[in-house]
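This briefing covers helix packing, the nonpolar core and a handful of individual residues. Please read it alongside the sequence and the model.

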Amino acid sequence: MQLTPHEVLGRWLLMTLGEMGGEGSKQAVLRRIQDRYGAHLTETDHLPQPSNGEVKWENRTAWQRNRMVKSGLLKPYVRRGDPWALTEAGWAAHRDLLSSQRQ
């Protein structure tokens, strides 16, 4: 079975952060994604990552977060424990996703 594509995880992350007011702890964001989109995750998404035992979709979402930081959609960590947070560009992408869903 296939894994959920990184692009989809990124859209879910943008939507979730927007719904959470723009930021949240990694654990809170992942919990909210699981609650909202969990039915769309594949069986393979729920398997443990061989390297560290973390659930695959959670690990892949964290990697997607890093890609989104590099592309300017999410804020980088300044210190350990910082929340995952949208930048202005991230808010704009969130608004674009919302408007495309309404059409």
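Which residues does N59 touch, not counting residues up to four places away in sequence? They are Q49, N52 and E54, where a contact means heavy atoms within 4.5 Å.

The model is predicted, so local features need pLDDT of at least 70 and side-chain atom pairs count only at pLDDT 80 or more, while totals for chains, interfaces and linings use all residues. Residues are numbered from 1 along each chain as its sequence is written, and side-chain values use heavy atoms, with hydrogens and water left out.

**Nonpolar core**

- The largest nonpolar core has 22 residues; such a core is a set of buried Ala, Val, Leu, Ile, Met, Phe, Trp, Tyr and Cys residues joined through side-chain atoms within 4.5 Å.
- W12, L13, L17, I33, L74 and W84 have the most contacts inside this core.
- At least two residues of this core come from each of α1 (6-19), α2 (26-37), α3 (56-70) and α4 (88-102); helices (H or I, at least four residues) and strands (E, at least two) are DSSP runs, numbered from the N terminus.
- With seven residues, α1 gives the most to this core.
- Leaving out residues up to four places away in sequence, L74 touches L13, L17, R65, M68, V69, A85, L86 and T87.
- In soluble globular proteins, nonpolar side chains tend to be buried together.

**Packing of α1 with α2**

- The axes of α1 and α2 cross at roughly 110° and come within 10 Å; axes are lines fitted to C-alpha atoms, for helices over the stretch in contact, and angles run from 0 to 180 degrees between N-to-C directions.
- That angle makes α1 roughly perpendicular to α2, on a scale where angles under 35 degrees count as roughly parallel, over 145 as roughly antiparallel, 65 to 115 as roughly perpendicular and the rest as oblique.
- On the α1 side W12, L13, M15, T16, L17 and E19 take part, and they meet V29, R32, I33, R36 and Y37 in α2.
- The residues of the contact of α1 with α2 divide into seven nonpolar, one polar and three charged; Ala, Val, Leu, Ile, Met, Phe, Trp, Tyr, Cys and Pro count as nonpolar, Asp, Glu, Lys and Arg as charged, and the others, Gly among them, as polar.

**Packing of α1 with α3**

- The axes of α1 and α3 are 9 Å apart, and the helices pack at an angle of about 75°.
- α1 and α3 are therefore roughly perpendicular to each other.
- H6, L9, G10, L13 and L14 of α1 make the contact with W57, R60, T61, Q64, R65, R67 and M68 of α3.
- By class, the contact of α1 with α3 has five nonpolar, four polar and three charged residues.

**Packing of α2 with α3**

- α2 and α3 pack at about 120°, and their axes are 11 Å apart.
- The two helices, α2 and α3, are therefore oblique to each other.
- K26, L30, I33 and Q34 of α2 make the contact with W57, E58, T61 and A62 of α3.
- Four nonpolar, two polar and two charged residues make up the contact of α2 with α3.

**Residues in helices**

- N59 is in helix α3 and counts as buried at 9% relative accessibility; buried means under 20% relative accessible area, exposed over 50%, partly exposed in between (1.4 Å probe, protein chains only).
- R67 is also found in helix α3 and, at 41% relative accessibility, counts as partly exposed.
- R67 and H6 are 61 residues apart along the chain, and their C-alpha atoms are separated by 9.7 Å.
- R36 lies in helix α2 and is partly exposed at 43% relative accessibility.
- R36 touches M15 and E19, not counting residues up to four places away in sequence.
- R36 and Q49 are 13 residues apart in sequence and 22 Å apart in space, C-alpha to C-alpha.

**Residues in loops**

- V55 lies in the loop between α2 and α3 and is partly exposed, with a relative accessible area of 25%.
- Residues up to four places away in sequence aside, V55 touches D45, H46, L47 and P48.
- From C-alpha to C-alpha, V55 and M20 are 23 Å apart in space, and they are 35 residues apart in sequence.
- G81 is in the loop between α3 and β2 (84-85) and is exposed, with a relative accessible area of 69%.
- G81 and S25 are 56 residues apart in sequence, with a C-alpha to C-alpha distance of 7.7 Å.
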